[in-house]
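Me: I would like to go through this structure slowly and ask what the words used for it stand for. Could you give the rule behind each word, and then apply it?

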Amino acid sequence: MSESVEIAPPFVPVAPIDRTTRTDLPTARQWVVHLSLFFLTAITTTLAGVYLVSPGFVPAEPPLATALDYVMYIPRGYASVITAYVSNAYYHPDTLFQGMIFSGSLLAILTAHEMGHYLACRRYGVAATLPFFIPAPPLFLAGTFGAFIKIKSPIPSRRALLDIGLAGPLAGFIVAVPFAVIGVLQLQPGVASEGPALIFNDPPLFLLLGWLFNVPLDPFSLVNPYYMSAWIGLLVTSLNLMPVGQLDGGHGTFAVFGAKAHQRIGLFAFLAMATLSILGFIWHGSPSGFLYTILLAIMLRIRHPPTQWSEELGTKRILIAIITLIVFALSFWPFPMTII
């Protein structure tokens with residue numbers, strides 16, 4: 001799931017912008033588009049939440065009596081599974097409520113992330129769209145492919161680039177922390193599965209919370225919607241903070257270290273992730289690391305626009321960069337999933 005990959009236009013020198021002006025405010029039609037995508041994503045993430053909190057529910061498979069049944073097995077099977085989970089949620093309101101909690105928590109994290117970028121753009125007079133939420137097919141992944149904003153005017157300075165790039169992941173992380181606390185405190189012990197199982201490995205923040213609250217983090221614990229929304233939120237945060245290309249971490253790296261260091265650090269991050277993806281597949285049976293690697297390879301090929309380098313970042317922004325590095329360390333885990 002890729003989220004918040006901003007499209008930053010090439011830098012051109014511009015005069016200081018009056019921040020009191022109305023900078024590219026969304027029209028009524030644009031509001032309709034953004035809200036429609038948001039509510040559609042709310043539906044798909046709710047269905048994903050229903051699926052995540054129903055591990056013991058097994059929908060009936062479609063019959064295979066004729067040749068047409070075999071030809072239509074996948075689309076009919078997919079439709080029947082969706083219908084089964086919707087029906088299960090209808091007859092078990094608590095399951096639906098848990099799915100809505102997952103959806104609300106995850107969308108709160110994604111919204112905070114994107115609005116962090118958007119408000120930072122507004123502060124510097126940079127034209128940007130409202131967040132576009134991308135719904136995923138029902139029961140696929142987390143019910144969403146994430147969200148993004150599109151930056152439509154030049155970023156005027158080095159400080160603006162740092163602030164706009166890092167405001168999103170920092171805001172999303174702040175919102176994710178209370179959900180992580182609730183999720184860890186509500187973990188319930190489970191039993192090892194006799195068949196194939198997907199295990200969500202705990203990122204460092206969860207390990208720290210488990211230690212602080214003396215909660216044992218069993219890999220077979222029964223997950224809850226708060227845990228899963230925070231887990232996905234931290235995964236998205238760590239992915240966006242990779243110091244590559246025009247990812248959020250790439251913006252921050254470019255602003256702090258400059259163009260040459262940004263390119264070298266990005267290449268190192270790509271090679272490290274490529275190595276970890278192979279180790280993750282060997283040790284944990286999970287191909288998820290290859291998705292990271294493919295995304296980073298794409299981002300490496302997108303040139304970062306230059307920015308004005310004459311101004312100093314100042315102590316405050318250097319401190320923000322260090323805090324962001326700590327956020328990355330608490331969010332990133334090289335092997336997020338294990339398949340057994």
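Reply: Let me begin with contact, which means that heavy atoms of two residues lie within 4.5 Å. The model is predicted, and local features are described only where pLDDT is at least 70 and side-chain atom pairs only at pLDDT 80 or more, while totals for chains, interfaces and linings use all residues. Residues are numbered from 1 along each chain as its sequence is written, and side-chain values rest on heavy atoms, with hydrogens and water left out.

Me: Which residues does Gly-249 touch, if neighbours within four places in sequence are left aside?

Reply: By that rule, Gly-249 is in contact with Asn-240, Leu-241, Met-242 and Pro-243. Gly-249 itself lies in helix H8, where a helix is a DSSP run of H or I with at least four residues, a strand is a run of E with at least two, and both are numbered from the N terminus. In the whole chain there are 11 helices and four strands.

Me: Why is Gly-249 called buried?

Reply: Buried means a relative accessible area under 20%, exposed means over 50%, and partly exposed lies in between (1.4 Å probe, protein chains only). Gly-249 has 6%, and therefore it counts as buried.

Me: What makes Gly-168 buried or exposed?

Reply: The relative accessible area of Gly-168 is 0%, so this residue is buried. Gly-168 belongs to helix H5 and, apart from residues up to four places away in sequence, touches Ala-112, His-113, Gly-116 and His-117. Between the C-alpha atoms of Gly-168 and Met-115 there are 6.9 Å, with 53 residues separating them in sequence.

Me: Why does Asn-214 count as exposed?

Reply: Asn-214 has 68% relative accessibility, and therefore it falls in the exposed class. Its place is the loop between helix H6 (204-212) and helix H7 (225-240). Most residues other than glycine have a negative phi, whereas phi of Asn-214 is positive, near 55 degrees.

Me: How do you know that the side chain of Ser-103 makes a polar contact with Ala-42?

Reply: A polar contact is a pair of N or O atoms within 3.5 Å; within protein, one must be able to donate a hydrogen and the other to accept it, and residues adjacent in sequence count only through two side-chain atoms. A polar side-chain atom of Ser-103 is 3.2 Å from the backbone oxygen of Ala-42. The side chain of Thr-46 reaches that backbone oxygen of Ala-42 too, at 2.7 Å. Ser-103 sits in helix H4 (residues 93-123) and Thr-46 in helix H1 (residues 28-52). Ser-103 is buried because its relative accessibility is 4%, and Thr-46 is buried because its value is 15%.

Me: What makes a group of residues a nonpolar core, and how many residues has the largest one?

Reply: Such a core is a set of buried Ala, Val, Leu, Ile, Met, Phe, Trp, Tyr and Cys residues joined through side-chain atoms within 4.5 Å. The largest has 65 residues, and Phe-102, Ile-164, Phe-206, Met-228, Ile-232 and Met-242 have the most contacts inside it. Helix H5 (residues 158-185) gives the most to this core, 11 residues. A second, separate core has six residues, including Leu-47, Val-50, Ala-89 and Leu-139.

Me: Why is one space called a pocket and another a cavity?

Reply: On a 1 Å grid over the protein atoms alone, a cavity is a set of points where a 1.4 Å probe fits but cannot get out, whereas a pocket is an open set with protein on both sides within 12 Å along at least five of seven lines; lining residues have an atom within 4 Å of a point. The second largest pocket has 16 lining residues, and those closest to its centre are Gly-249, Thr-253, Phe-257, Ala-321 and Leu-325. Helix H8 (248-257) and helix H11 (314-331) each supply at least two residues of that lining. The largest cavity has among its lining residues Asn-201, Trp-231 and Tyr-292, and H7 gives the largest share of the lining, four residues.
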